[in-house]
Amino acid sequence: MMETAAVSSPRAAAAAAAAATATAAVLAAGAASPVVSSPRRAHHHRRWAPVAVSSSYRACLVVVWVVGFALVFLWQSTSVGRVRLYTRPPMPRRAAPAAAASMGQWVASPPVYDLREFGAVGDGRTVNTAAFEAAVAAIAERGGGRLTVPAGRWLTAPFNLTSRMTLFLAAGAEILGIQDERYWPLMSPLPSYGYGREHKGPRYGSLIHGQDLKDVTITGHNGTINGQGQSWWVKFRRKLLNHTRGPLVQLMRSSNIIISNITLRDSPFWTLHTYDCKNITVSETTILAPIAGAPNTDGIDPDSCENVLIKNCYISVGDDGIAIKSGWDQYGIAYGRPSANITIQDVIIRSMVSAGVSIGSEMSGGVSNILVENVHVWDSRRGVRIKTAPGRGAYVSNVVYRNITLENVRVGIVIKTDYNEHPDEGFNPKAVPIIGNISYTSIHGHGVRVPVRIQGSAEIPVKNVTFHDMSVGIVDRKNHVFQCSFVQGQVIGYVFPVPCKNLDLYNQRHELVKQSTLQNISDIDYSF
């Protein structure tokens, strides 16, 4: 076999020759080793001399090592070794960039641009629209990247974002919206709102806009996006505008959106409007507008959106702090995009003219699976509210309010089913919404005039409402402040003030104490 192997490979022949030479050396060493007689001849014992034993043993080890290495090398290098002792693993195929990143391999970092590289001047007077547009175009050309807005006041008209983009506002950076509406582009009405929210026909676009995008981040070191909405509010009140005002930031039909560590302020209209989007996180964000004289400046409006997380935010605005929407009457029904799987946590809200957290009134695509917890509403007209009307259709279901604090609030908990504002006369009054599976747990506070006002109706009854662990300090003990109409549900354990007679009473062990037969009575009182 060794000869056969030697013929098959020059390296094998060399190895065989080395082995033969080593073997001859061993024999020669053995023949030359001297043997001495033992002093004790009577016992006829022999032993190797210490020096000779050590040398020959060392030589044998070297020879054995050389022969063994040659045999292994021979086995690996020829066809003799059918089963290999060692094989090199195949080289992996070159991974795609995304796969390489997930495997920890090096990939090129996305480019980072400074707005000043594109000629921007942050003096609050120079219009920098062209610089923003050029920077976004550069990022789009590279397939993604980051645009850093350094400290300064950067005046601009509206501009669009692109996919896989991060807009980063450094500390002291402020993007300013130009106040002349002639610089604001007109866009088609939102399909789920019909002709437009305030006027028929086109609407103004947002200051920062994006549609059909993926992986968009707006973040920073608490830089500011300022819509400078004062002129818009004045013109709106004086009826000098011919189109619906634009939001401050609007993202449409997009996914994987992150808004964090920034301040949004003084929007002409709704502040942050996400429309028909998925996978949205808004965190550590401050949203501000005057609490009076800034009409419709909602803080955050998830509209026909799914998988939304809003957490650790501070909101003080001139309308709803957060308003969950999904389209308006027949247009929203036809568009058919619900808002679902929305979580609102650890948020502080002030809304002197509206509510801390609202659902509706535009909810014609449906709203479900909503969690509102650890929310503090202070100095506000209402705490948490659901508002709808005949013509809206759809549903509001599976809504959980938990650990809500109300401080100096006029009406704490509101469900209103006659919010009769419609886009046109084409709505169907028989399209009534279904309201049910609403729970309120751990509701506390002080300085509240009316803790609960749930106004169902014969055509829109409110079903399966639960109150558990509620204690709200009230301002006026002379009037009935737990008001209900066409409501079916239950009270579990201790609830203060005394609940309305429409609800079943259960003890803390969830054992029925008293079943109501008065679900359809009404004691709604708007006189105080």
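This is a predicted model: local features need pLDDT of at least 70, side-chain atom pairs count only at pLDDT 80 or more; totals for chains, interfaces and linings use all residues.

Guide: A word on terms to begin with: helices (H or I, at least four residues) and strands (E, at least two) are DSSP runs, numbered from the N terminus. Residues are numbered from 1 along each chain as its sequence is written, and side-chain values use heavy atoms, with hydrogens and water left out.

Visitor: How many helices and strands are there in the protein chain?
Guide: The protein chain has seven helices and 34 strands.

Visitor: Why is P451 called buried?
Guide: Buried means under 20% relative accessible area, exposed over 50%, and partly exposed in between (1.4 Å probe, protein chains only). P451 has 1% relative accessibility, so it counts as buried. Across the protein chain, buried residues make up 49% of the 528 residues.

Visitor: What is P451 in contact with, leaving aside its neighbours within four places in sequence?
Guide: Contact means heavy atoms within 4.5 Å. With those neighbours left aside, P451 is in contact with G412, I413, M470, V472, I474, V481 and P497. For the protein chain, 74% of the contacts with a separation of 6 or more are between residues 24 or more positions apart.

Visitor: What makes I454 buried?
Guide: I454 is also found in strand β29. Its relative accessible area is 0%, so I454 is buried. Leaving aside neighbours within four places in sequence, the contacts of I454 include I415, F467, C484 and I524. V487 is another of these contacts; the C-alpha atoms of I454 and V487 are separated by 7.3 Å, although the two are 33 residues apart along the chain.

Visitor: How do you know that C484 and C500 form a disulfide?
Guide: A disulfide is a pair of cysteine sulfur atoms within 2.5 Å. The sulfur atoms of C484 and C500 are 2.0 Å apart, and the pair forms a disulfide. The structure holds one disulfide.

Visitor: Why is the disulfide of C484 and C500 called left-handed?
Guide: The torsion about its S-S bond is about -75°, so the disulfide of C484 and C500 is left-handed. C484 lies in strand β31 (residues 482-485) and C500 in the loop between β32 (487-496) and β33 (504-506), so the pair ties together parts that are 16 residues apart in sequence. C484 and C500 are both buried.

Visitor: Which strands are joined to β13 by bridges?
Guide: Two strands pair if DSSP finds at least two bridges between them. Five bridges join β13 to strand β8 (residues 165-169), and these run parallel. In β13, I218 is the bridge partner of L167. Four bridges join β13 to strand β16 (residues 255-260), again parallel. There, K214 stands opposite S255 in β16.

Visitor: What makes β13 mostly covered?
Guide: Strand β13 spans residues 214-220, and five of its seven residues are buried.
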